[in-house]
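The following questions and answers concern the structure shown below.

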Amino acid sequence: MDCMKEWLEPIIRVQSLSESGASSIPKRYVKPPAERPGQVISPNEGTHGSNVPVIDIRSLVNESNPSDEATLRAISQACRDWGFFQVVNHGVSAEMMATMRDSWNEFFRMPMAEKQRYANSPATFEGYGSRLGVQNGAILDWGDYFFLQLFPESIRCKEKWPTCSTTLCETTEKYGRELRNLCRILTQALSVTLGLEKTMLWRAFGEEEVGSSLRVNYYPKCPQPDLTLGLSAHSDPGGITVLLPDYRVLGLQVRRGDEWITVKPVADSFIVNIGDQIQVLSNAIYKSVEHRVTVNSVEERASIAFFFNPRGDLLIGPAKELVNNDRPPQYKFMTYNEYRLYMRKLGPCGKSHIETMKA
Ligand code: OGA
Ligand code: NI
């Protein structure tokens with residue numbers, strides 16, 4: 001059997017494990033000691049101290065001042081220091097965000113048999129899934145998800161779009177368009193802060209043909225949250241990720257040096273992070289940053305990640321404007337279709353992938 005067409009092992013839904021009421025987790029979810037979260041994060045408090053920067057992008061969104069220096073400086077600083085930032089006044093209405101979240105929460109509350117109709121396979125990963133990576137015996141994460149390719153529309157797998165709710169499909173469609181537009185604005189800001197022509201990154205990503213996908217993450221309650229993770233440490237393979245976080249329940253952590261910082265989302269914000277493709281295009285001026293998700297025993301958690309990626313068949317490498325004698329090209333060229341196979345085969349593995357791309 002081809003391991004990139006079908007799962008080689010039976011798929012267990014983490015939601016079913018959680019709802020079984022068992023007081024311990026199966027061995028397959030137990031991480032090696034070095035990867036365990038250490039201190040368990042309280043779902044509502046997290047750690048004290050630092051938080052990823054919060055940036056008001058109103059001036060960029062309504063174009064009242066599209067080259068607003070202070071905003072661009074804040075973005076540039078956040079990209080260099082953190083690889084992560086939160087945006088507020090991003091132009092997507094709180095109502096739209098709430099409808100999107102509610103519709104997907106409803107999906108995960110449906111009977112298992114209904115959800116199973118959308119079970120995914122490693123061929124495209126679209127649909128209802130419970131693992132990344134295809135290797136037999138791999139240690140798994142404590143989370144289920146729903147993955148959809150949104151753009152370009154021509155490559156959508158229509159059969160995987162839930163037919164159970166028209167609101168869900170319509171909302172997802174509309175949300176996708178709004179987020180794509182937000183990402184276009186963000187690529188402009190990133191281009192300018194890198195010293196590139198404003199539309200450079202948008203063009204490098206394929207303009208109207210940019211790729212985008214959606215991953216709705218569902219992390220059920222876990223009886224032994226100190227032994228596992230909802231999502232293991234990884235950097236996002238694509239360009240830019242815009243996450244609709246769970247404002248009630250904490251869990252996302254970002255690596256800063258040797259520390260894991262718990263993100264505390266401010267009301268109605270999106271969490272933005274740089275992916276590997278921007279690290280490559282910027283010739284490592286901006287770097288993708290590792291992040292992971294912890295789980296807890298009292299509250300489930302949901303998040304919706306929008307991934308803004310280069311069109312799959314374009315060769316992506318360091319922008320020529322950012323290459324010179326002092327700073328030779330740091331990475332080889334590769335298409336995103338090829339690049340993303342690594343994570344699809346091996347699952348989340350820190351930043352090991354981009355290491356293999358060194359020129
Ligand atoms: C992801 C991711 C974080 C979260 O889907 O790539 O990092 O909080 N999600 O669910
Ligand atoms: Ni991620």
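Q: Is V295 buried, partly exposed or exposed in this predicted model?
A: The relative accessible area of V295 is 4%. A residue counts as buried under 20%. V295 is therefore buried.

Q: Which residues are the closest to ligand 1?
A: The surroundings of ligand 1 comprise 14 residues. By class, these are 7 nonpolar, 4 polar and 3 charged. The closest of them are N217, Y219, H291, R301 and S303.

Q: Which strand gives the largest share of the shell around ligand 1?
A: At least two residues of the shell come from each of β5 (211-219), β6 (231-234), β11 and β12. The largest share is 4 residues, and the strand that supplies it is β12.

Q: What distance separates a polar side-chain atom of D236 from an oxygen atom of ligand 1?
A: A pair of N or O atoms counts as a polar contact within 3.5 Å. H291 has a polar side-chain atom 2.9 Å from an oxygen atom of the ligand, and an N or O atom in the side chain of R301 is also 2.9 Å from a ligand oxygen atom. For D236, the corresponding distance is 3.2 Å.

Q: How much of the accessible area of ligand 1 does the protein cover?
A: On its own, ligand 1 has 290 Å² of accessible area. The space that ligand 1 takes is the largest cavity.

Q: Is Q149 buried or exposed, and in which strand is it found?
A: The relative accessibility of Q149 is 7%. Because this value is under 20%, Q149 counts as buried. I304, 155 residues away in sequence, lies 13 Å from Q149, C-alpha to C-alpha. The strand that holds Q149, residues 144-151, is β4.

Q: What is the form of the peptide bond from F151 to P152?
A: P152 is found in the loop between β4 and α6 (166-193). Omega for the bond from F151 to P152 is near -5°, and the bond is cis.

Q: What is the phi of F125?
A: F125 lies in the loop between α5 (112-116) and β3 (127-129). With 3% relative accessibility, F125 counts as buried. F125 is not a glycine, yet its phi is positive, at about 70°.

Q: Is E207 buried, partly exposed or exposed?
A: E207 is placed in the loop between α7 (200-204) and β5, and its phi is near 50°, a positive value in a residue other than glycine. The relative accessible area of E207 is 40%. This value lies between the limits of 20% and 50%, so E207 is partly exposed.

Q: Is G206 buried, partly exposed or exposed?
A: G206 is found in the loop between α7 and β5. Its relative accessible area is 14%. The limit for a buried residue is under 20%, and therefore G206 is buried.

Q: How far apart in space are G206 and S67?
A: In sequence, G206 and S67 are 139 residues apart. The C-alpha to C-alpha distance between G206 and S67 is 23 Å.

Q: How far apart in space are Y247 and D268?
A: Y247 has its place in the loop between β7 (240-244) and β8 (252-256). Y247 is partly exposed, with a relative accessible area of 30%. Y247 and D268 are 21 residues apart in sequence, and from C-alpha to C-alpha their distance in space is 8.1 Å.

Notes:
Residues numbered from 1 in each chain as written. Chains lettered and ligands numbered in written order. Predicted model: local features only at pLDDT ≥ 70, side-chain atom pairs only at ≥ 80, totals over all residues. Heavy atoms only, no water. Buried < 20%, exposed > 50% of the residue type's maximum accessible area, 1.4 Å probe, protein only. Near = heavy atom within 4 Å. Polar contact = N/O pair within 3.5 Å; in protein donor to acceptor, adjacent residues only side chain to side chain. Areas by Shrake-Rupley, 256 points an atom, 1.4 Å probe, with all protein chains shown as cover. 1 Å grid on protein atoms, 1.4 Å probe; cavity = no way out; pocket = protein on both sides within 12 Å on 5 of 7 lines; lining within 4 Å. Sits in = over half its atoms within 2 Å of the grid points. Nonpolar A, V, L, I, M, F, W, Y, C, P; charged D, E, K, R; others polar.
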